[in-house]
Structure formats: structure tokens, C-alpha cells
Amino acid sequence: MTSPLEQKKIRITGPSVVTANRTRDGVVIYRTAQQGWSAQLADAAIVRTSDDARALLAEAVADDVGAIGAYIAPVEIKDNGVIAPGNLREHIRSEGLTIELPVSA
Amino acid sequence: MYAYDELDRTLLHERVEEFRDQVKRRLSGELTEDEFKILRLQNGVYLQLHAYMFRVAIPYGTLSSKQLRALAHVARRYDRGYGHFTTRQNIQFNWIKLAELPDALADLAEVGIHAMQTSGNNMRNVTSDQWAGVAPGEVEDPRIWSELLRQHTTLHPEFSFLPRKFKIAITASEHDRAAIKIHDIGLRLHKNADGETGFEVLVGGGLGRTPFIAKTIKPFVHGRDILSYVEAILRVYNQYGRRDNIYKARIKILVHELGIEKFGKEVEEEWQQLRDSALTLDDAAIEEVRSRFSYPAYEKLPHMPDELKQAAHDPVFERWRKNSVFPHKVQGYSIVTLSLKPVGGPPGDATAEQMDVIADLADRYSFGEIRVGHEQNLALPHVAKRDLPALWKALDKAGLATPNVNLVSDIIACPGLDYCSLANARSIPIAQELTRRFANHDTAGLIGRLHINISGCINACGHHHVGHIGILGVEKNGEEFYQITIGGRADESAALGTLIGPSVPYAEVADVVEDIVEAYLALRDSPDELFIDTVKRLGVEPFRERVYATR
Ligand code: HEM
Ligand code: SF4
């Protein structure tokens, strides 16, 4: 999944972001335009060409200490400019489970 | 209970410290993820969608109350207050932070539990019947053999880098509660004509992309030879198993490609070299392990105590008792299954508070012992019948007395797309919706035994192939779809289910299942004919006709 070789083949077909999990605690993170990471999708750098996507991914993969399993994920840009996850998997990663967590009664 | 010795304890602590060092080096960047991945997998740590997942082994499904409290503590201190019991006598924590993992492992090591070999291409937790040692009519306690195998295979260099993961399950009863036929090796303890104890050895079972029911490779292997025989199987597998293709790497593929006769011949040859080696178990070695399993000092109790006679007037108690209480080998005692399948809840999850309650109840009513079964429920193995009414009240208060054991809402489900990075589709919300549809216990009772199993992808962690009704999440044009099979089963008559028709979208799954159940109620020849037997008698076609007629 994280093999950079495999990632090279990736062609994006719409606006995309680079996402990963934070090494220390596994939290879902997004690569920002400032060469950093954020836990908020709203802060993610948006790429629109395959070249830009690969470049952003390469930069993300280079941070092997901070993040694991970086990959390119589709997003949708709403009319009001809000960045929304591009599929159900990414929706669940960004918004959390679709079920309630078990809590004690 | 099993008493660990000093060697086990030393090993566990060394192992934790080793991992602590590895985590430290990973966080400082000294180890890359590529280097670290295999190390974390050897300690049960996966990466899921939202976080790391941490899998802890519960050898042969036996826990002490102290151990269960330690699991509750880990859930509370390092996770989000709950844990998920899996189909292989493990518990998973879904929100563990890598930086805190060594502490969690150290806390568990204090009570003799660990995460070794809960992931990676090695010998996994050797599972067993959750009623081991208490089931009436059992040949002998199968955990003795699980333990002998566990000791032999844990950290064994030859079994630490197998072509793929390797799973063994053992049963010693006529009725197989350990699902041995869907394991790489299944062992059925029985006695031969001479009254000697040994194993029917089955090999090559497994689910996943290419499911197979295990085949008998040898009808009787004497107990003293079991280590050498299993080792012979593993050697043949190690030599010929496909390391080049992950989809063909499990032993089931090798057994299938060679055929059981040819595979059996290879194993026999290997075994002749091994059988009279140091691997032969002498009586003293077996006795040594046997003696470390202690059994409670049972009292002499009446079969039908007054407490039970009185409680029988309460229909709600009776419903629970008839559903969740099972015969024990000792008169006056029962095995009690605790349903982790509340209506609307995620199957197999227990909160830290529930774990603590169960630990306390185990201390009070079950000699401090708890069992974990592959159906993702727990059990108290030694409950005096006179205590059943009091136990029931306490369980009910903690949400642990749903009277649905083995019924339609006792669903096995994997974490699916809500947690798992390999998933195509969600499993848990499907299970939750089904439990709501079948929430009426009278209706569920009328339907009778019916196992629904759900997996979020073809890896089949939720055993969908062997569900009486199996539900498999697939993806179609970016949408969640589900394939539905009927007629699978995981017991001594294990079989793979047959597809009933085209896959259906998320929103229709519960309707289709309801239609299947309605078809069964119309088709069964009497209320005593179980769903699975009706499917066997009639085949899939009459179900397909009824369910898909209007779709
Ligand atoms: C992070 C979560 C999980 C991951 C990544 C995962 C991964 C996998 C994979 C890749 C397989 C297929 C192996 C093969 O066919 O060679 C598999 C099988 C299996 N897993 Fe999981 N699993 C996860 C969670 C679970 C859970 C929660 C359970 C129990 C509820 C479970 C129990 C099983 C079982 C019973 C099988 C099929 C039996 C067999 O080995 O053939 N796993 N898992
Ligand atoms: S069956 Fe698939 S979705 Fe479910 S836990 Fe296993 S790998 Fe994940």
C-alpha cells in the first residue's frame, strides 16, 4: 500500500490530498501546503495534477519518522470551498466511525 | 486455570523491554517503518483506519478475573474504554497509541498475558473449545494439548517465518465449538479402539479468498506423538508452501494443489524421521502440563436447588436460563454464556466497566474464571445452579443478559469499514440493524438456532463463508454492496455457504435477510427443523425464488 513504486503509477482524476497516520499515536493526518501535517482535512494541501500529487506524496513519504502509510486520497471541493472526503472510506477516516462507540451504561 | 511458571514470566518481561526499545528507536527515527513493521506485527500491532490496533492473545480462551481486570484497565487507561473480542480468542483494542504500547504490554505482562504471535506469518494463538474442562462427555481437557503446542511453537525459530500465518484449533467434544474444520490444522481429541487418547488430525481448512473445509490427514495420532506430527506438517508446509504469492501461501492451497493423499504421504515421510525424537512427549511431560491446570473444588450440590425452582416462576429469568445456561459435567453446576450481542450494539464489544463487572461476578460465582468463545461471547464456566438467579440479575444490570445466544441476533461480525483498512464495506451497522429487526425474543425463539456471520471483505475475519446466513461486503462502483450466502456452518458438519443471488446494496441487506428468514419459516417441515437443515434438505433454489421474486 505504501510502496513508493506503486504510488508512482497513481494518476489522479480529481482534487486530491495526501493522508497518512501519525506515527506516535496513529491519528489520521493530512499533508499541508507548509510541509507539515494537520489532523484537520480543512488544512490539507489540495493537488489537482498527477505530478503535483506525486510531489506532495514524495514529500510526505520522506517524513518516515512523523507519519506512516502515506497515500493519495480523493476529495470533493464543495461550492462554498469546504473540502469533503471523496469516498466512504475517507469519510470514515476523517469524520470517525459511522456507529456510536460502546460506552458504559 | 493454568499457572504460568517463572520462565514464562521472565520471557514476557524481556519481550516487553525489547519492544519498548524498538518503539523508542522507531519514534526517534532510528528505525524506519519498513524495519519496524515486522517488529510491531510480532507484537500484535496493526495499523487500521483511525489508529493502531493492538491484538492480545487469550490462550485457549481462558481468563482469570485478574487478567480480565487487566484488560479492562488497558481499555480504560490506554484506549477508549472498550475492547473487541474476536473469533479467535483474542481481544483487540482499537485506539492504542504507539508511544504508550510498551506500558500497556508491561501492565498485561504482570498478569501473564501478551500479544506475541497474534499477527505475522507465524503460529497464532492455539484456540480451543471455550467449554474445555467443563463440558459433559469431553474426552479430556483439550487445553492441556493447546498448552503443549503453545509451549512448543511460541517463538520457535522454524515457525516464526512461515509462508503465511498458521492457525490451530483443538476440540475434545463430539460437538465442535472450536470451528476446527476452518483452521490450518484442526485437532479432534478422541479415544481409539484400545482406549488410548489421541487426535484425528485435519489439515488445510481456512476461509479468506479461497475457502476450504479441512480434510482428515490422519484418523489417529497418539497424544505422545502430536508435537512431532504437527512439526512434520509444518516442515512440509515450510518447504513447499508458496512464498511468492500471498494469495496462495496458506497451507490450504498446498493441500488442495497436492491433494490430501499426496500431502499426507509427504507428511508421513517427514514424520518417520521425527517421530522417535526429542519431540515425543513422555507421560511426565504431559502430566506436568496437566497438573498446572487447576479445577475448582466443586461442592456436592443438588441438581435442582430451591433458588432455581423459585426463579422458574419468572418468565424473563426462564427465557434467559433456557437460552444462555448449559449443562456442566459436575452436578449442580452450569456453564453460563454471556451475550456480547445486545440489541443495537456492536458484536463482541465489551466496555471496561462490563469487563470489571464480569471479573467480579466470576470471583463470586465462577471460581474466578472466564472463557472466551469464537462466537464473540464470553462464558462463566463453573456457576452453581443455586446462584443462577442472582447472577442473572447482576448480568442484566450490566447489559450482559440478552437471551439471544445461538439465535438470529447472536451475530459474528468483523470490524469492517468502520475500523479496518482492508475493508470494502461496513459490517457493524449491518449487524446492528439486524439485531433491531430481530429484537423480539419471542420471534427469535420461534426462528430458533440461526447464525449470521458478516465480513467486510473477502479476508473473512467474520467467518461469513460458514454462517448459516453469510454476508460479505464488496465494493461496486464505490458503493457498499453485500453478497449473501446460505447453508454454511462451522461445527463438526462444517460446510461453505452458497450464494443466494446477486449482491444487494447496503440499505437492502436487512430486508433480504428478513425475507430469507420468512422463506425458512414457510419452508421448514416442522418447528423443530433448524434453518440450516431446511437449507440442506431443499437446497438454495426455493430460497432464491422467494427472496428474489420481487427484486
Ligand atoms: C485490523 C484488523 C484486521 C486485519 C488487518 C485482518 C487481516 C486478515 C487477513 C489479511 C486475513 C486473510 C488471511 C488469509 O486468507 O491468508 C484474515 C483472516 C482472518 N481473520 Fe483477520 N484481520 C483483522 C481483524 C480480525 C478480527 C477483528 C477478527 C475476528 C473477529 C479476525 C479473525 C480472522 C479470521 C477468523 C480469519 C479467517 C480464517 C483464516 O485464517 O482463514 N481478524 N484477517
Ligand atoms: S474481513 Fe476484511 S474488513 Fe473484516 S476485519 Fe477482516 S480484513 Fe477487515
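**Briefing: domains, cores and contacts in a predicted model**

In chain B, 21 residues of domain 1 are in contact with 23 residues of domain 3. Chain B as a whole is divided into domain 1 (6–109), domain 2 (142–291), domain 3 (306–397) and domain 4 (412–548), an assignment that comes from an automatic or database source.

**Domain 1 against domain 3 in chain B**

- The area buried between domain 1 of chain B and domain 3 of chain B is about 1,800 Å², and carbon and sulfur atoms give 55% of that area.
- On the domain 1 side, Leu68(B), Arg69(B) and Phe85(B) lose the most area to domain 3 of chain B, and together they account for 31% of what that side buries.
- Taken over C-alpha atoms, the centres of domain 1 of chain B and domain 3 of chain B are separated by 28 Å.
- Between domain 1 of chain B and domain 3 of chain B the count is 4 salt bridges.
- A salt bridge also joins the side chains of Asp356(B) and Arg76(B), with an N to O distance of 2.7 Å.

**Nonpolar cores**

- The largest nonpolar core has 65 residues, of which Phe54(B) and Leu71(B) touch the most other members; this core draws at least three residues from each of domain 1 (6–109) and domain 3 (306–397) of chain B.
- Leaving aside residues up to four places away in sequence, Phe54(B) touches a set of residues that includes Val45(B), Ile91(B), Phe93(B), Ile96(B), Leu101(B), Leu105(B) and Leu108(B), and also Asn43(B) and Gln92(B).
- A second, separate core of 43 residues includes Leu227(B), Tyr237(B), Leu274(B) and Phe293(B).

**Chain A against chain B**

- The contact takes 24 residues from chain A and 34 residues from chain B, and the area buried between chain A and chain B is about 2,300 Å², with 65% of it given by carbon and sulfur atoms.
- Ile68(A), Ile99(A) and Pro102(A) supply 23% of the area that chain A buries against chain B, which is more than any other three residues supply.
- Across the interface of chain A and chain B the rule finds 1 salt bridge; Arg26(B) forms a salt bridge with Asp64(A), in which the closest N and O atoms are 3.3 Å apart.

- The residues around ligand 2 include Cys414(B), Cys420(B), Cys457(B) and Cys461(B), together with Pro415(B), Gly416(B), Leu422(B), Ala423(B), Ser455(B), Gly456(B), Asn459(B) and Ala460(B).
- By type, the shell around ligand 2 divides into 8 nonpolar residues, 4 polar residues and no charged residues.

**Salt bridges over the structure**

- Over all chains, the structure holds 47 salt bridges.
- Side chains of opposite charge can pair when their charged atoms come close.
- Within chain A, Asp25(A) forms a salt bridge with Arg22(A), the closest N and O atoms being 2.9 Å apart; Asp25(A) counts as buried because its relative accessibility is 9%, whereas Arg22(A), with a relative accessible area of 25%, is partly exposed.
- Within chain B, Glu200(B) forms a salt bridge with Arg188(B), and here the closest N and O atoms are 2.8 Å apart.

Terms used: Residues are numbered from 1 along each chain as its sequence is written. Chains are lettered from A and ligands numbered from 1 in the order in which they are written. This is a predicted model: local features need pLDDT of at least 70, side-chain atom pairs count only at pLDDT 80 or more; totals for chains, interfaces and linings use all residues. Side-chain values use heavy atoms; hydrogens and water are left out. A residue is near a molecule or strand if one of its heavy atoms lies within 4 Å of it. Ala, Val, Leu, Ile, Met, Phe, Trp, Tyr, Cys and Pro count as nonpolar, Asp, Glu, Lys and Arg as charged, and the others, Gly among them, as polar. A nonpolar core is a set of buried Ala, Val, Leu, Ile, Met, Phe, Trp, Tyr and Cys residues joined through side-chain atoms within 4.5 Å. Buried means under 20% relative accessible area, exposed over 50%, partly exposed in between (1.4 Å probe, protein chains only). Contact means heavy atoms within 4.5 Å. Buried area is the accessible area (1.4 Å probe) that two parts lose on being put together, summed over both.
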